[in-house]
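Please read them with the structure open beside the text.

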Amino acid sequence: MHSYDAVVIGAGAAGLFCAGIAGQAGARVLVIDHSAKVAEKIRISGGGRCNFTNRDAGPANFLSDNPRFCRSALARYTPQDFIALVQRHRIAWHEKHKGQLFCDESAEDIIAMLLRECDQGRVTRWQPCGVQAVRQAGAAFEVDTDRGVVRSARVVVATGGLPVPQIGATDFGLRLARQFGHRIIETRPALVPLTFDSAAWAPFVPLAGLSLPVTIRTGPAKGGGEFLEDLLFTHRGLSGPAVLQISSYWRGGTPITIDLAPGQALGTALREAKLASRRKVGNELLRFLPARLAEAWLGEEPGLSDRPIAETKDKDLDRLAASLQSWQLTPSGTEGYRKAEVMAGGVDTQGLSSQTLESRSVPGLHFIGEVVDVTGWLGGYNFQWAWASGAACGRAIGAAAAADRA
Ligand code: FDA
(Lines give C-alpha, C1' and ligand atoms only; values in the text may rest on other atoms or scores of the structure.)
Protein backbone atom coordinates (compact mmCIF):
# COMPACT_ATOMS: atom_id res chain seq x y z
CA MET A 1 0.00 0.00 0.00
CA HIS A 2 1.23 3.53 -0.82
CA SER A 3 1.68 5.84 2.16
CA TYR A 4 1.81 9.64 2.40
CA ASP A 5 1.38 12.40 4.99
CA ALA A 6 -1.28 14.00 2.80
CA VAL A 7 -3.28 13.16 -0.32
CA VAL A 8 -4.57 16.20 -2.18
CA ILE A 9 -7.50 15.39 -4.51
CA GLY A 10 -7.59 17.94 -7.35
CA ALA A 11 -4.55 19.42 -9.15
CA GLY A 12 -6.13 22.82 -9.73
CA ALA A 13 -5.24 26.21 -8.32
CA ALA A 14 -5.85 25.48 -4.63
CA GLY A 15 -4.63 21.85 -4.69
CA LEU A 16 -1.29 22.51 -6.39
CA PHE A 17 -0.61 25.58 -4.26
CA CYS A 18 -1.39 23.72 -1.03
CA ALA A 19 0.72 20.71 -2.08
CA GLY A 20 3.77 22.88 -2.85
CA ILE A 21 3.62 24.62 0.52
CA ALA A 22 3.05 21.41 2.49
CA GLY A 23 5.81 19.60 0.58
CA GLN A 24 8.30 22.41 1.10
CA ALA A 25 7.47 22.31 4.82
CA GLY A 26 8.59 18.65 4.86
CA ALA A 27 5.33 16.73 4.35
CA ARG A 28 5.22 13.78 1.91
CA VAL A 29 2.41 14.81 -0.42
CA LEU A 30 0.56 13.03 -3.24
CA VAL A 31 -1.66 15.04 -5.62
CA ILE A 32 -4.26 13.11 -7.64
CA ASP A 33 -6.37 14.44 -10.50
CA HIS A 34 -8.66 12.54 -12.87
CA SER A 35 -7.76 14.87 -15.76
CA ALA A 36 -4.68 14.29 -17.88
CA LYS A 37 -3.81 18.01 -17.71
CA VAL A 38 -3.29 20.01 -14.54
CA ALA A 39 -5.17 23.21 -13.71
CA GLU A 40 -7.36 23.50 -16.79
CA LYS A 41 -9.27 26.41 -15.24
CA ILE A 42 -6.10 28.41 -14.78
CA ARG A 43 -5.26 27.70 -18.43
CA ILE A 44 -8.56 29.18 -19.71
CA SER A 45 -8.80 31.96 -17.12
CA GLY A 46 -8.58 35.66 -17.86
CA GLY A 47 -8.86 35.04 -21.60
CA GLY A 48 -5.67 32.89 -21.44
CA ARG A 49 -3.73 35.45 -19.36
CA CYS A 50 -5.04 34.48 -15.88
CA ASN A 51 -6.28 37.28 -13.69
CA PHE A 52 -4.25 35.69 -10.89
CA THR A 53 -5.18 38.03 -8.03
CA ASN A 54 -6.67 41.39 -7.17
CA ARG A 55 -4.41 43.90 -5.49
CA ASP A 56 -7.25 45.04 -3.21
CA ALA A 57 -8.77 41.65 -2.32
CA GLY A 58 -10.34 41.60 1.15
CA PRO A 59 -13.22 39.84 2.93
CA ALA A 60 -15.75 42.37 1.55
CA ASN A 61 -15.19 40.97 -1.95
CA PHE A 62 -16.51 37.51 -1.05
CA LEU A 63 -19.97 35.99 -0.59
CA SER A 64 -20.61 33.27 1.97
CA ASP A 65 -23.28 32.19 4.42
CA ASN A 66 -20.61 33.00 7.01
CA PRO A 67 -18.92 36.17 5.69
CA ARG A 68 -16.28 36.32 8.46
CA PHE A 69 -14.89 32.85 7.71
CA CYS A 70 -12.53 33.91 4.91
CA ARG A 71 -10.86 36.66 6.96
CA SER A 72 -8.18 34.58 8.65
CA ALA A 73 -6.84 32.85 5.52
CA LEU A 74 -6.99 36.05 3.44
CA ALA A 75 -5.09 37.97 6.12
CA ARG A 76 -2.37 35.32 6.39
CA TYR A 77 -1.79 34.99 2.63
CA THR A 78 -2.35 38.31 0.87
CA PRO A 79 -2.32 39.44 -2.77
CA GLN A 80 1.09 41.00 -2.03
CA ASP A 81 2.41 37.57 -0.97
CA PHE A 82 1.29 36.08 -4.29
CA ILE A 83 2.71 39.03 -6.27
CA ALA A 84 6.06 38.46 -4.53
CA LEU A 85 5.96 34.78 -5.55
CA VAL A 86 5.13 35.65 -9.16
CA GLN A 87 8.03 38.11 -9.20
CA ARG A 88 10.41 35.53 -7.70
CA HIS A 89 9.51 33.30 -10.66
CA ARG A 90 10.19 36.22 -13.05
CA ILE A 91 6.68 36.19 -14.49
CA ALA A 92 5.84 39.50 -16.14
CA TRP A 93 2.43 40.92 -15.21
CA HIS A 94 0.37 44.05 -15.52
CA GLU A 95 -2.57 45.69 -13.76
CA LYS A 96 -5.85 46.23 -15.60
CA HIS A 97 -9.16 47.60 -14.40
CA LYS A 98 -9.75 47.99 -10.61
CA GLY A 99 -6.68 46.20 -9.22
CA GLN A 100 -6.95 43.13 -11.49
CA LEU A 101 -3.51 41.59 -12.16
CA PHE A 102 -2.85 39.55 -15.33
CA CYS A 103 0.15 37.73 -16.82
CA ASP A 104 1.76 39.64 -19.70
CA GLU A 105 2.32 36.41 -21.64
CA SER A 106 0.21 33.42 -20.67
CA ALA A 107 -1.69 31.66 -17.90
CA GLU A 108 0.70 28.76 -18.56
CA ASP A 109 3.31 30.79 -16.64
CA ILE A 110 1.25 30.49 -13.45
CA ILE A 111 0.77 26.73 -13.99
CA ALA A 112 4.50 26.25 -14.59
CA MET A 113 5.22 28.23 -11.41
CA LEU A 114 2.88 26.04 -9.33
CA LEU A 115 4.49 22.88 -10.73
CA ARG A 116 8.01 24.20 -9.93
CA GLU A 117 6.84 24.92 -6.38
CA CYS A 118 5.51 21.34 -6.15
CA ASP A 119 8.81 19.98 -7.49
CA GLN A 120 10.68 21.93 -4.82
CA GLY A 121 8.47 20.25 -2.25
CA ARG A 122 9.07 16.79 -3.82
CA VAL A 123 5.33 16.43 -4.40
CA THR A 124 4.25 13.24 -6.22
CA ARG A 125 1.56 13.71 -8.87
CA TRP A 126 -0.72 11.00 -10.32
CA GLN A 127 -2.58 12.05 -13.47
CA PRO A 128 -4.85 10.96 -14.95
CA CYS A 129 -5.97 8.92 -11.98
CA GLY A 130 -9.53 8.43 -10.76
CA VAL A 131 -10.45 8.38 -7.09
CA GLN A 132 -13.22 5.95 -6.19
CA ALA A 133 -13.59 6.29 -2.43
CA VAL A 134 -12.17 7.79 0.75
CA ARG A 135 -12.68 6.17 4.15
CA GLN A 136 -11.36 6.54 7.67
CA ALA A 137 -9.00 3.78 8.81
CA GLY A 138 -8.06 4.24 12.45
CA ALA A 139 -6.47 7.68 12.85
CA ALA A 140 -5.75 7.88 9.11
CA PHE A 141 -7.56 7.60 5.76
CA GLU A 142 -7.54 5.09 2.93
CA VAL A 143 -8.09 6.40 -0.58
CA ASP A 144 -9.10 3.96 -3.37
CA THR A 145 -7.58 5.09 -6.67
CA ASP A 146 -6.95 3.71 -10.17
CA ARG A 147 -3.38 3.02 -9.01
CA GLY A 148 -4.31 1.22 -5.81
CA VAL A 149 -5.07 2.07 -2.20
CA VAL A 150 -3.22 4.99 -0.59
CA ARG A 151 -2.93 5.40 3.18
CA SER A 152 -2.58 8.96 4.44
CA ALA A 153 -2.84 10.88 7.70
CA ARG A 154 -4.60 13.72 5.89
CA VAL A 155 -6.88 14.16 2.89
CA VAL A 156 -7.32 17.55 1.21
CA VAL A 157 -10.39 17.96 -1.00
CA ALA A 158 -9.51 20.53 -3.70
CA THR A 159 -11.85 19.41 -6.46
CA GLY A 160 -13.23 22.88 -7.21
CA GLY A 161 -16.75 23.88 -8.19
CA LEU A 162 -19.33 22.67 -10.71
CA PRO A 163 -18.78 25.16 -13.58
CA VAL A 164 -17.52 23.95 -16.97
CA PRO A 165 -18.02 20.17 -16.58
CA GLN A 166 -16.54 19.73 -20.08
CA ILE A 167 -13.05 20.35 -18.61
CA GLY A 168 -13.29 18.05 -15.61
CA ALA A 169 -15.49 19.71 -12.99
CA THR A 170 -17.36 17.20 -10.82
CA ASP A 171 -19.45 17.10 -7.65
CA PHE A 172 -16.99 14.67 -6.05
CA GLY A 173 -15.95 17.13 -3.32
CA LEU A 174 -19.55 17.89 -2.40
CA ARG A 175 -20.41 14.18 -2.25
CA LEU A 176 -17.38 13.47 -0.08
CA ALA A 177 -18.34 16.31 2.26
CA ARG A 178 -21.84 14.83 2.64
CA GLN A 179 -20.40 11.34 3.20
CA PHE A 180 -18.42 12.71 6.17
CA GLY A 181 -21.47 14.50 7.60
CA HIS A 182 -20.79 18.02 6.37
CA ARG A 183 -23.67 20.33 5.46
CA ILE A 184 -23.71 21.85 1.97
CA ILE A 185 -24.88 25.42 1.42
CA GLU A 186 -27.10 25.22 -1.66
CA THR A 187 -24.95 25.57 -4.79
CA ARG A 188 -25.77 27.77 -7.80
CA PRO A 189 -23.98 29.14 -10.85
CA ALA A 190 -22.38 32.56 -10.19
CA LEU A 191 -20.46 35.08 -12.30
CA VAL A 192 -22.84 34.00 -15.04
CA PRO A 193 -24.93 35.76 -17.75
CA LEU A 194 -28.62 36.27 -16.94
CA THR A 195 -31.41 35.19 -19.31
CA PHE A 196 -35.00 36.39 -19.89
CA ASP A 197 -38.19 34.94 -21.37
CA SER A 198 -37.92 35.23 -25.13
CA ALA A 199 -41.17 37.23 -25.45
CA ALA A 200 -40.12 39.74 -22.78
CA TRP A 201 -36.65 40.05 -24.33
CA ALA A 202 -37.77 40.47 -27.96
CA PRO A 203 -37.57 44.33 -27.96
CA PHE A 204 -33.95 44.16 -26.81
CA VAL A 205 -32.67 41.49 -29.23
CA PRO A 206 -31.60 44.15 -31.79
CA LEU A 207 -29.28 45.56 -29.10
CA ALA A 208 -27.16 42.37 -28.95
CA GLY A 209 -23.49 43.34 -28.85
CA LEU A 210 -24.11 46.80 -27.33
CA SER A 211 -22.04 47.58 -24.24
CA LEU A 212 -22.26 50.56 -21.87
CA PRO A 213 -21.36 51.44 -18.27
CA VAL A 214 -24.24 51.06 -15.81
CA THR A 215 -24.96 50.84 -12.13
CA ILE A 216 -26.66 47.55 -11.31
CA ARG A 217 -28.11 46.29 -8.07
CA THR A 218 -30.19 43.48 -6.58
CA GLY A 219 -31.33 42.19 -3.22
CA PRO A 220 -31.87 43.99 0.07
CA ALA A 221 -29.89 47.14 0.94
CA LYS A 222 -27.91 45.06 3.47
CA GLY A 223 -26.69 41.80 1.96
CA GLY A 224 -27.50 42.71 -1.64
CA GLY A 225 -24.99 43.80 -4.27
CA GLU A 226 -24.34 46.98 -6.26
CA PHE A 227 -21.71 47.49 -8.98
CA LEU A 228 -20.67 50.18 -11.46
CA GLU A 229 -19.39 48.20 -14.46
CA ASP A 230 -20.02 47.58 -18.15
CA LEU A 231 -23.24 45.87 -19.24
CA LEU A 232 -23.45 43.81 -22.45
CA PHE A 233 -26.72 43.08 -24.29
CA THR A 234 -26.86 39.55 -25.75
CA HIS A 235 -29.42 37.68 -27.87
CA ARG A 236 -30.76 35.87 -24.81
CA GLY A 237 -30.31 38.49 -22.11
CA LEU A 238 -27.60 40.41 -20.31
CA SER A 239 -23.92 39.80 -19.71
CA GLY A 240 -20.72 41.82 -19.24
CA PRO A 241 -18.89 42.45 -15.96
CA ALA A 242 -21.85 44.31 -14.39
CA VAL A 243 -24.19 41.36 -14.85
CA LEU A 244 -21.63 38.69 -13.97
CA GLN A 245 -20.97 40.51 -10.69
CA ILE A 246 -24.64 40.95 -9.81
CA SER A 247 -25.50 37.35 -10.81
CA SER A 248 -23.69 36.10 -7.70
CA TYR A 249 -26.14 38.07 -5.54
CA TRP A 250 -29.24 37.37 -7.64
CA ARG A 251 -31.88 34.91 -6.39
CA GLY A 252 -34.45 33.30 -8.72
CA GLY A 253 -37.73 35.22 -9.07
CA THR A 254 -36.33 38.53 -7.77
CA PRO A 255 -35.70 41.67 -9.86
CA ILE A 256 -32.48 43.49 -10.73
CA THR A 257 -32.40 47.29 -11.14
CA ILE A 258 -30.20 49.04 -13.69
CA ASP A 259 -29.27 52.71 -14.06
CA LEU A 260 -28.44 53.12 -17.77
CA ALA A 261 -27.07 56.64 -17.29
CA PRO A 262 -25.07 56.37 -14.06
CA GLY A 263 -23.84 59.55 -12.45
CA GLN A 264 -26.32 61.72 -14.40
CA ALA A 265 -29.34 63.56 -13.02
CA LEU A 266 -31.27 62.70 -16.16
CA GLY A 267 -34.66 64.12 -15.09
CA THR A 268 -33.12 67.49 -14.20
CA ALA A 269 -31.01 67.56 -17.36
CA LEU A 270 -34.04 66.88 -19.60
CA ARG A 271 -36.13 69.55 -17.87
CA GLU A 272 -33.26 72.05 -18.31
CA ALA A 273 -32.94 71.08 -21.98
CA LYS A 274 -36.66 71.74 -22.39
CA LEU A 275 -36.10 75.41 -21.52
CA ALA A 276 -33.24 75.97 -23.99
CA SER A 277 -33.26 73.31 -26.72
CA ARG A 278 -35.16 73.14 -30.01
CA ARG A 279 -34.25 69.50 -30.49
CA LYS A 280 -36.51 66.49 -30.41
CA VAL A 281 -36.59 64.21 -27.36
CA GLY A 282 -34.85 61.43 -29.34
CA ASN A 283 -31.94 63.71 -30.28
CA GLU A 284 -31.65 65.13 -26.77
CA LEU A 285 -31.35 61.60 -25.34
CA LEU A 286 -28.28 60.96 -27.50
CA ARG A 287 -26.32 63.22 -25.12
CA PHE A 288 -26.73 60.57 -22.46
CA LEU A 289 -27.11 57.20 -24.19
CA PRO A 290 -25.70 55.25 -27.17
CA ALA A 291 -27.91 55.82 -30.25
CA ARG A 292 -29.04 52.18 -30.55
CA LEU A 293 -30.21 52.13 -26.96
CA ALA A 294 -31.98 55.52 -27.20
CA GLU A 295 -33.82 54.34 -30.34
CA ALA A 296 -34.86 51.02 -28.81
CA TRP A 297 -36.01 52.72 -25.62
CA LEU A 298 -38.10 55.35 -27.36
CA GLY A 299 -39.48 52.70 -29.71
CA GLU A 300 -41.45 51.54 -26.66
CA GLU A 301 -42.96 55.06 -26.29
CA PRO A 302 -44.72 55.85 -29.59
CA GLY A 303 -44.55 59.52 -30.61
CA LEU A 304 -42.13 60.62 -27.91
CA SER A 305 -38.92 60.35 -29.95
CA ASP A 306 -40.01 62.88 -32.59
CA ARG A 307 -41.69 65.30 -30.21
CA PRO A 308 -39.79 68.62 -29.69
CA ILE A 309 -38.53 68.54 -26.13
CA ALA A 310 -39.84 72.08 -25.56
CA GLU A 311 -43.39 70.74 -26.14
CA THR A 312 -43.02 67.70 -23.91
CA LYS A 313 -44.66 67.62 -20.50
CA ASP A 314 -42.38 67.55 -17.44
CA LYS A 315 -44.12 64.42 -16.20
CA ASP A 316 -43.31 62.59 -19.48
CA LEU A 317 -39.65 63.61 -19.22
CA ASP A 318 -39.55 62.51 -15.58
CA ARG A 319 -41.14 59.18 -16.49
CA LEU A 320 -38.60 58.68 -19.29
CA ALA A 321 -35.69 59.53 -16.98
CA ALA A 322 -36.98 57.21 -14.26
CA SER A 323 -37.47 54.34 -16.70
CA LEU A 324 -33.83 54.67 -17.81
CA GLN A 325 -32.32 55.19 -14.37
CA SER A 326 -34.25 52.55 -12.48
CA TRP A 327 -34.93 49.93 -15.12
CA GLN A 328 -36.33 47.02 -13.15
CA LEU A 329 -36.45 43.59 -14.74
CA THR A 330 -36.72 40.02 -13.51
CA PRO A 331 -34.44 37.45 -15.14
CA SER A 332 -35.96 34.07 -15.91
CA GLY A 333 -32.68 32.29 -15.11
CA THR A 334 -28.96 32.10 -15.83
CA GLU A 335 -26.81 30.52 -18.55
CA GLY A 336 -25.99 27.81 -15.97
CA TYR A 337 -22.79 25.95 -15.11
CA ARG A 338 -21.81 25.71 -18.79
CA LYS A 339 -21.12 29.47 -18.80
CA ALA A 340 -20.58 30.26 -15.10
CA GLU A 341 -17.09 31.22 -13.92
CA VAL A 342 -17.65 30.04 -10.41
CA MET A 343 -19.99 28.14 -8.08
CA ALA A 344 -21.67 29.94 -5.18
CA GLY A 345 -22.42 27.86 -2.08
CA GLY A 346 -20.54 24.67 -1.24
CA VAL A 347 -19.18 23.05 1.91
CA ASP A 348 -20.62 24.91 4.90
CA THR A 349 -17.82 26.83 6.61
CA GLN A 350 -19.44 26.30 10.03
CA GLY A 351 -18.03 22.79 9.87
CA LEU A 352 -14.45 23.92 9.08
CA SER A 353 -11.62 25.63 10.94
CA SER A 354 -10.93 29.06 9.43
CA GLN A 355 -7.26 28.66 10.47
CA THR A 356 -6.53 25.32 8.75
CA LEU A 357 -9.61 24.54 6.60
CA GLU A 358 -9.79 21.25 8.52
CA SER A 359 -13.09 19.56 9.28
CA ARG A 360 -14.22 20.17 12.87
CA SER A 361 -15.83 16.74 13.01
CA VAL A 362 -13.37 14.58 11.00
CA PRO A 363 -9.76 15.33 12.02
CA GLY A 364 -7.33 15.25 9.08
CA LEU A 365 -9.95 16.02 6.42
CA HIS A 366 -9.56 19.47 4.76
CA PHE A 367 -11.57 21.36 2.13
CA ILE A 368 -9.98 24.22 0.15
CA GLY A 369 -10.72 26.46 -2.83
CA GLU A 370 -14.00 26.71 -4.67
CA VAL A 371 -15.64 23.63 -3.14
CA VAL A 372 -15.95 25.67 0.08
CA ASP A 373 -18.82 28.16 0.51
CA VAL A 374 -16.63 31.22 -0.20
CA THR A 375 -17.25 32.92 -3.56
CA GLY A 376 -15.27 35.85 -4.87
CA TRP A 377 -16.28 38.72 -7.10
CA LEU A 378 -15.13 38.85 -10.71
CA GLY A 379 -11.58 40.20 -10.95
CA GLY A 380 -8.97 37.79 -9.53
CA TYR A 381 -10.68 37.24 -6.17
CA ASN A 382 -11.46 33.55 -6.69
CA PHE A 383 -7.83 32.70 -7.36
CA GLN A 384 -6.83 34.73 -4.30
CA TRP A 385 -9.18 32.52 -2.26
CA ALA A 386 -7.63 29.41 -3.85
CA TRP A 387 -4.11 30.63 -2.90
CA ALA A 388 -5.10 31.81 0.61
CA SER A 389 -7.10 28.70 1.57
CA GLY A 390 -4.41 26.49 -0.01
CA ALA A 391 -1.70 28.25 1.99
CA ALA A 392 -3.58 27.99 5.29
CA CYS A 393 -4.10 24.27 4.76
CA GLY A 394 -0.60 23.60 3.36
CA ARG A 395 1.09 25.24 6.34
CA ALA A 396 -1.06 23.25 8.78
CA ILE A 397 -0.17 19.98 7.00
CA GLY A 398 3.53 20.87 7.01
CA ALA A 399 3.40 21.63 10.73
CA ALA A 400 1.48 18.43 11.51
CA ALA A 401 3.92 16.28 9.52
CA ALA A 402 6.87 17.90 11.33
CA ALA A 403 5.18 17.27 14.69
CA ASP A 404 4.51 13.62 13.77
CA ARG A 405 8.19 13.12 12.97
CA ALA A 406 9.50 14.89 16.07
P1 FDA B 1 -10.02 24.08 -9.85
O2 FDA B 1 -11.25 23.97 -10.69
O3 FDA B 1 -8.95 25.02 -10.25
O4 FDA B 1 -9.35 22.63 -9.70
C5 FDA B 1 -10.10 21.49 -9.38
C6 FDA B 1 -9.35 20.27 -9.88
O7 FDA B 1 -9.98 19.12 -9.34
C8 FDA B 1 -9.36 20.14 -11.38
O9 FDA B 1 -8.04 19.94 -11.87
C10 FDA B 1 -10.24 18.92 -11.64
O11 FDA B 1 -9.83 18.16 -12.78
C12 FDA B 1 -10.05 18.13 -10.37
N13 FDA B 1 -11.16 17.23 -10.06
C14 FDA B 1 -12.48 17.50 -10.09
N15 FDA B 1 -13.17 16.39 -9.78
C16 FDA B 1 -12.27 15.40 -9.53
C17 FDA B 1 -12.38 14.03 -9.19
N18 FDA B 1 -13.59 13.47 -9.00
N19 FDA B 1 -11.25 13.31 -9.02
C20 FDA B 1 -10.03 13.88 -9.22
N21 FDA B 1 -9.86 15.17 -9.58
C22 FDA B 1 -10.98 15.92 -9.71
N23 FDA B 1 -10.83 33.27 -11.20
C24 FDA B 1 -10.01 34.32 -11.03
O25 FDA B 1 -9.69 34.67 -9.88
N26 FDA B 1 -9.48 34.98 -12.12
C27 FDA B 1 -9.80 34.63 -13.42
O28 FDA B 1 -9.27 35.20 -14.38
C29 FDA B 1 -10.73 33.57 -13.59
N30 FDA B 1 -11.14 33.22 -14.84
C31 FDA B 1 -11.99 32.15 -15.01
C32 FDA B 1 -12.42 31.81 -16.30
C33 FDA B 1 -13.28 30.74 -16.47
C34 FDA B 1 -13.77 30.40 -17.86
C35 FDA B 1 -13.69 29.95 -15.37
C36 FDA B 1 -14.59 28.77 -15.53
C37 FDA B 1 -13.27 30.29 -14.09
C38 FDA B 1 -12.44 31.40 -13.88
N39 FDA B 1 -12.03 31.78 -12.61
C40 FDA B 1 -11.19 32.87 -12.45
C41 FDA B 1 -12.41 30.99 -11.41
C42 FDA B 1 -11.23 30.08 -10.99
O43 FDA B 1 -10.78 29.37 -12.12
C44 FDA B 1 -11.64 29.09 -9.91
O45 FDA B 1 -12.32 29.75 -8.86
C46 FDA B 1 -10.42 28.36 -9.35
O47 FDA B 1 -9.79 27.62 -10.38
C48 FDA B 1 -10.82 27.42 -8.22
O49 FDA B 1 -9.68 26.70 -7.81
P50 FDA B 1 -9.84 25.23 -7.23
O51 FDA B 1 -8.45 24.72 -7.06
O52 FDA B 1 -10.76 25.23 -6.09
O53 FDA B 1 -10.55 24.41 -8.39
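1. Strand 11 (residues 184–190) and strand 19 pair in the antiparallel sense over five bridges, where two strands are said to pair if DSSP finds at least two bridges between them. Within this pairing, Ile185 stands opposite Gly346 in strand 19. Strand 19 covers residues 342–347, and six of its six residues are buried, so strand 19 is largely enclosed by the rest of the structure. Buried here means under 20% relative accessible area, exposed means over 50%, and partly exposed lies in between, with a 1.4 Å probe and protein chains only.

2. This is a predicted model, in which local features need pLDDT of at least 70 and side-chain atom pairs count only at pLDDT 80 or more, whereas totals for chains, interfaces and linings use all residues. Residues are numbered from 1 along each chain as its sequence is written, and side-chain values use heavy atoms, with hydrogens and water left out.

3. The chain has 13 helices and 21 strands, both being DSSP runs numbered from the N terminus (helices H or I, at least four residues; strands E, at least two). Its C-alpha atoms fill a box of roughly 85 × 40 × 35 Å, taken along the principal axes. Of the 406 residues, 57% count as buried. Among contacts (heavy atoms within 4.5 Å) between residues at least 6 apart in sequence, 73% join residues at least 24 apart.

4. A second topic is the open sheet of seven strands, which has the order 17-16-13-14-15-12-18 with antiparallel pairing. Strand 17 (327–329) and strand 18 (333–334) stand at the edges, each with a single partner strand, so one side of each is left without a neighbour in the sheet. Inside that order, strand 13 (residues 211–218) and strand 14 (residues 225–233) pair in the antiparallel sense over eight bridges, and Thr218 stands opposite Gly225 in strand 14.

5. Which residues are closest to the ligand? The ligand is surrounded by 29 residues, and the closest are Ala14, Asp33, Thr170, Glu370 and Phe383; a residue is counted as near if one of its heavy atoms lies within 4 Å. The shell divides into 11 nonpolar, 14 polar and four charged residues, where Ala, Val, Leu, Ile, Met, Phe, Trp, Tyr, Cys and Pro count as nonpolar, Asp, Glu, Lys and Arg as charged, and the others, Gly among them, as polar. Helix 1 (13–24), helix 2 (40–44) and helix 13 (381–405) each supply at least two residues of this shell, and helix 13 gives the most, with three residues.

6. For polar groups around the ligand, a nitrogen atom of the ligand is 3.3 Å from a polar backbone atom of His34, and an oxygen atom of the ligand is 3.2 Å from an N or O atom in the side chain of Ser35. A backbone N or O atom of Asn51 lies 2.9 Å from a nitrogen atom of the ligand. The protein covers 92% of the 1000 Å² of accessible area that the ligand has on its own, with areas taken from the Shrake-Rupley method with a 1.4 Å probe.

7. Leaving out residues up to four places away in sequence, His366 touches several residues, including Val156, Leu357, Cys393 and Ile397. The side chain of His366 also makes a polar contact with the side chain of Arg154 (3.0 Å); such a contact is a pair of N or O atoms within 3.5 Å, and within protein one must be able to donate a hydrogen and the other to accept it, while residues adjacent in sequence count only if both atoms are side-chain atoms.
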